[in-house]
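Here's a quick tour of a protein chain, going from its domains down to a few side-chain contacts. Have the model open while you read.

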Amino acid sequence: MDFSRTVFFLVVDMAKAYRLRACSQREGSVTIGDMATLSPRDILERLITIDSTSHRSNRPIADCVRELTDEPGVRTTEFVDESGEKINLLIEMGPVREDRAGLILCGHLDVVPATEPEWQSNPFTLAEHDGHYYGRGVADMKGFVALAIHAFRSQRASTLSAPLALLLTADEELGSRGAQRMLEIWDPSRIIPKATIIGEPTSLWAVRMHKGHLTMRVTLRGRAAHSGSPHLGLNAIEPAAAILNTLAELRYEYESMRTGVSAFFNTVPHPVLNVARIRGGEALNVIPESCVIEFGVRLMPDQSPEVAIEIIADRLRRSVLDPGAVTIELINNNPPMLLDENAPIYRSLTHQLGQYETVGVSFASDGGWLARLGLETVLWGPGTIEVAHRPNEVLSVDEFHRAGSMLEELVATQCGGGP
Ligand SMILES: [Zn+2]
């Protein structure tokens, strides 16, 4: 057993010891003493066991990660939202480098709900058979987070020439709201490494661009009245037809639009607009007072959400007779991500992988917001997005271990440390 870890167990205070036990007790086979020698699989097992569905507080899983990484020389910062229930964790070791050298391993701690009846095992217990792990989040993305924690635990602060950091976010599955909140309270004078790997499941392809996801709401206001007295009312559903027509026009325009990075998106090389929800009206004999239309837009990596929002809002306002009766709101902006192909971390990773192709993906990640912190973000992680958000989420054990070895190698290259 490593001496520094022995000291850690001796100095741990009572509150910590309690949390530590709470983290360990979730699976009876592992005792506190095993903490020092946890394998990536052990860590994954602990993470899967904690239900961190986005609608819950992520405090339990954040506490568990803190325990797993708490040792001398490690600096942990919590970015907590107003409720105190949602935590982004920044855990750092090694020297602070003015040149922003080093590496950030980034992942989200939340998972989507696992309520589908098709689950063949408990989604919050790690199952293993036929060379695969099963459980909610094995691919998206507790598998990567477990590997990142393991790689972090394998390092000693005193041997690193550049810092290694873990950045673990809340509410990614709700449209990267955790990353967005972190950005809002970020102290710009703080120095962290630039190179960032976000472990979304990309089947171990390095991905430097993804689409964004904007969600917007249009509310049309009318005046309720008995349908027998139409002179007293104003129908809020009728002008919805014009709004829907304009959204359909925009959708067609998007479909024929090509941008500078369309070539990297094989199946859908254009922005996408989806009218997702509409509701209005109360009863069949009442003139409806309001109508609400919600839609989503997946912008290309080289498109600006702020510009798109302006254009869409303007077109919608101009499409109705009474713009005063329309409210247009942004529900959420999860920006696209686009990293320059010459960014050192991308070159280093693709070199290590022997990857020559540029791959774009159509799902969004925390990378859109984090790039605005000046981070150079690349998506790279084990597992495939096809099984994410689905019952019996699966990850190949082989791929998990392969990713682990590559990650240790990358940490050594970027931070100069060794296990
Ligand atoms: Zn994810």
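## How the domains meet

How much area do domain 1 and domain 2 bury between them? About 1100 Å², with 55% of it on carbon and sulfur atoms. Keep in mind that this is a predicted model.

Domain 1 puts 17 residues into the contact and domain 2 puts in 15 residues. As for salt bridges, the count between domain 1 and domain 2 is one.

Elsewhere on the salt-bridge theme, the side chains of R372 and E306 meet in one at 3.2 Å, N to O.

## Rings and charges

Searching the whole structure turns up two aromatic pairs. One of them is Y133 with F400, an edge-to-face pair at 5.4 Å centre to centre and 85° between the planes. Y133 belongs to strand 5 (residues 132-134) and F400 to helix 11 (residues 397-415), so this pair ties together parts that are 267 residues apart in sequence. Y133 and F400 are both buried.

There are also charges over rings to look at. R208 has its charged end over the ring of F264, 5.9 Å from the ring centre. The charged end of R251 sits over the ring of Y252, 4.9 Å from its centre.

## An enclosed helix

Why is helix 3 (residues 40-49) described as largely enclosed by the rest of the structure? Because eight of its 10 residues are buried. Those buried residues are P40, I43, L44, E45, R46, L47, I48 and T49.

Key
Residues are numbered from 1 along each chain as its sequence is written. This is a predicted model: local features need pLDDT of at least 70, side-chain atom pairs count only at pLDDT 80 or more; totals for chains, interfaces and linings use all residues. Side-chain values use heavy atoms; hydrogens and water are left out. Buried means under 20% relative accessible area, exposed over 50%, partly exposed in between (1.4 Å probe, protein chains only). Helices (H or I, at least four residues) and strands (E, at least two) are DSSP runs, numbered from the N terminus. Rings of Phe, Tyr and Trp (its six-membered ring) pair if their centres lie within 6.5 Å; planes under 30 degrees apart count as stacked, over 60 as edge-to-face and the rest as tilted. A charge sits over a ring if NZ of Lys or CZ of Arg is within 6 Å of the ring centre and within 35 degrees of the ring normal. Contact means heavy atoms within 4.5 Å. Buried area is the accessible area (1.4 Å probe) that two parts lose on being put together, summed over both. A salt bridge is a side-chain nitrogen of Lys or Arg within 4 Å of a carboxyl oxygen of Asp or Glu.
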